[in-house]
Amino acid sequence: MSDVHDLRGRPVIIGGGIAGLMTALRLAPEPVVLLSGGNLGTEASSTLAQGGLAASIGADDSPDLHLADTLAAGDGLCDRRTARRIVEAAPKAIEDLARLGVAFDRSPDGTLLLGLEAAHSRRRIVHAAGDASGREIISALIDAVRSTASVSVVEGIAARRLIVEDGAVTGVLASGGSDAFAFSTRRVVLATGGIGGLFCDSTNPLGSWGQGLALAARAGAQLADLEFVQFHPTALDGPRRPMPLVSEAVRGEGAVLIDERGLRFLADTPGGELAPRDVVSRAVWRRLAAGHRVFLDARQSPGRKFGERFPAIAAICRQAGLDPAVEPIPVRPAAHYHMGGVAVDQEGRSSVEGLWACGEVAHTGLHGANRLASNSLTEAVVSAAWVADSVAATPQGKGMRTFSMPLPPRPDASGIRPIVSAALGITRNGEALREAVATLLAIETSGESASDPALVALMMAVAALGREESRGSHYRSDFVERKPHAVTSRLTLGDAFEAAATFADVGEPLARRARKWP
Ligand SMILES: Cc1cc2nc3c(=O)[nH]c(=O)nc-3n(C[C@H](O)[C@H](O)[C@H](O)COP(=O)(O)OP(=O)(O)OC[C@H]3O[C@@H](n4cnc5c(N)ncnc54)[C@H](O)[C@@H]3O)c2cc1C
């Protein structure tokens with residue numbers, strides 16, 4: 001393959017969710033190329049968001065209170081400076097979105113309506129179209145991007161490898177159908193979303209299996225806190241994938257969790273149904289593991305008003321043959337959000353020159369060991385602005401001129417999901433993690449279609465093995481205590497291979513191959 005598209009210095013943004021769209025809009029009028037694996041807005045978690053964005057806008061609220069709730073949920077692992085910066089910028093982020101055309105829900109006098117979600121001490125969730133916030137936001141941002149001449153949108157083309165020369169990014173190898181493309185650029189922004197698609201039970205689009213993490217790791221970037229995966233306690237229990245979510249906002253409006261006998265099993269837990277997500281997910285998981293079924297009971301509250309306040313969730317329930325106003329909704333936990341990601345600095349720069357990250361793929365330090373609900377859309381909007389400003393301030397440089405790299409096989413995560421679900425679920429233990437590491441290392445080194453998803457899962461499993469404590473969303477049944485000091489975990493792919501060969505009984509030939517990387 002030798003066809004190199006010279007972008008004449010334009011940056012490439014990979015991903016068409018909220019983070020990628022906001023980065024492109026903020027960079028205008030600087031010309032940019034926006035690569036999206038599917039059509040804009042499809043295959044993006046952003047479109048599926050229900051609750052909304054957290055911002056301290058209410059008269060009884062302040063950035064300090066928002067910060068305190070964020071730090072409490074993060075269980076000692078948040079970067080306080082970054083968290084403060086983001087919560088302070090949150091109200092302005094809402095104004096920016098409104099200016100771009102997002103029609104947030106308001107009272108008749110124009111004041112923003114504020115919802116309540118788990119572990120928030122105040123009503124501070126700004127929403128749109130009731131419970132279809134993501135759809136409304138993304139549709140407004142797509143309109144804005146399509147009418148911005150400086151953004152060249154390339155749909156149906158997925159980035160497959162970053163080209164790195166002398167430690168700096170010089171291009172992107174991409175494919176669409178059976179065609180391959182090489183884009184020459186020295187500035188690349190990853191905005192590729194999360195990793196839920198590595199699990200059998202997930203609320204994320206199936207393609208969200210950490211494509212950006214694989215791109216960054218293979219380029220040599222450092223990744224952080226990969227072991228922290230947030231499970232949403234109340235996905236609708238049924239065959240649909242991604243699993244439809246029954247938003248926390250429903251519990252915020254008074255719905256309670258019961259088992260098949262009607263027992264409200266969270267009654268004695270501090271915070272009850274609105275305790276942090278890790279606490280509620282583990283409680284639901286234990287109930288299911290003990291052979292019970294679990295339901296979200298909204299019959300009393302919001303009761304008859306369910307359809308009016310939560311039209312999209314009511315429609316999802318109806319499709320499953322349920323009326324949530326009169327019947328309890330069957331639920332189970334599902335992989336939902338990745339707190340870990342590409343380690344970035346205060347400008348969103350990764351450890352590789354010319355590579356930035358924002359949105360769910362990035363690790364800014366905001367979420368720590370457990371994300372506070374509705375902080376991620378806020379983070380994506382705020383950090384997209386830092387990234388855009390940093391990209392704009394970085395010289396264009398010259399990208400690659402010639403190029404030879406084989407296109408890797410089309411990635412397929414289906415074989416990885418059962419391995420990840422068994423070893424990296426709500427409760428973890430060393431033995432299962434070591435087995436997973438050995439299996440994933442063998443799959444990764446095969447170079448076949450599961451190789452990239454296996455690489456991401458391998459790095460997560462190594463990080464989970466290395467964290468010998470239980471903290472936030474990471475629960476080890478063999479290390480149930482929390483260590484006195486919280487330490488962020490950091491890994492490059494080279495570190496992960498080395499650790500994998502040591503941790504797991506992988507046999508000498510595989511260990512030698514892994515140690516040879518890169
Ligand atoms: C059901 C659900 C409900 C949620 N509700 C809320 C909520 O109410 N509030 C909140 O704050 N957060 C919520 N979240 C989390 C939040 O939606 C996500 O964290 C956020 O939308 C991530 O945005 P993003 O732009 O980083 O990624 P995404 O929106 O996932 O977009 C990633 C984009 O990158 C593209 N892509 C991926 N790989 C490649 C590649 N190799 N090449 C080209 N393109 C690629 C994808 O196709 C997609 O367009 C929810 C998540 C889910 C799944």
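The model is predicted: local features need pLDDT of at least 70, side-chain atom pairs count only at pLDDT 80 or more, and totals for chains, interfaces and linings use all residues. Residues are numbered from 1 along each chain as its sequence is written, and side-chain values use heavy atoms, with hydrogens and water left out.

Start with the ligand. Its shell holds 38 residues, and S46, G52, Q211, E360 and S376 come nearest. A residue is near if one of its heavy atoms lies within 4 Å of the molecule. By class, the shell has 14 nonpolar, 21 polar and three charged residues. Here Ala, Val, Leu, Ile, Met, Phe, Trp, Tyr, Cys and Pro count as nonpolar, Asp, Glu, Lys and Arg as charged, and the others, Gly among them, as polar.

Now the polar contacts, meaning pairs of N or O atoms within 3.5 Å. A backbone N or O atom of S45 sits 2.9 Å from a ligand oxygen atom. For G51, a backbone N or O atom is also 2.9 Å from an oxygen atom of the ligand. S376 uses its side chain: a polar atom there lies 2.8 Å from a ligand nitrogen atom. Taken alone, the ligand exposes 1000 Å², and the protein buries 97% of that. Those areas come from the Shrake-Rupley method with a 1.4 Å probe. Elements giving two or more residues to the shell are α1 (18-27), β3 (32-36), α2 (45-48), β8, β16 (329-338) and α11 (375-392). Helices (H or I, at least four residues) and strands (E, at least two) are DSSP runs, numbered from the N terminus.

A cavity is a set of points on a 1 Å grid over the protein atoms alone where a 1.4 Å probe fits but cannot get out; lining residues have an atom within 4 Å of a point. A volume is the space filled by probe spheres set on the points, which are joined across faces, edges and corners. Four cavities reach 30 Å³ or more.

The largest cavity has a volume of about 70 Å³. Its lining is A159, R160, R161, W209, Q211, A214, L215, P411 and D452. Five lining residues are nonpolar, one is polar and three are charged.

The second largest cavity holds about 50 Å³. V229, Q230, F231, D278, S281, R282, I426 and S473 line this cavity. β13 (229-236) and α8 (277-289) give two or more residues to that lining. Its classes are three nonpolar, three polar and two charged.

Definitions and conventions:
On a 1 Å grid over the protein atoms alone, a cavity is a set of points where a 1.4 Å probe fits but cannot get out, and a pocket is an open set with protein on both sides within 12 Å along at least five of seven lines; lining residues have an atom within 4 Å of a point. A polar contact is a pair of N or O atoms within 3.5 Å; within protein, one must be able to donate a hydrogen and the other to accept it, and residues adjacent in sequence count only if both atoms are side-chain atoms.
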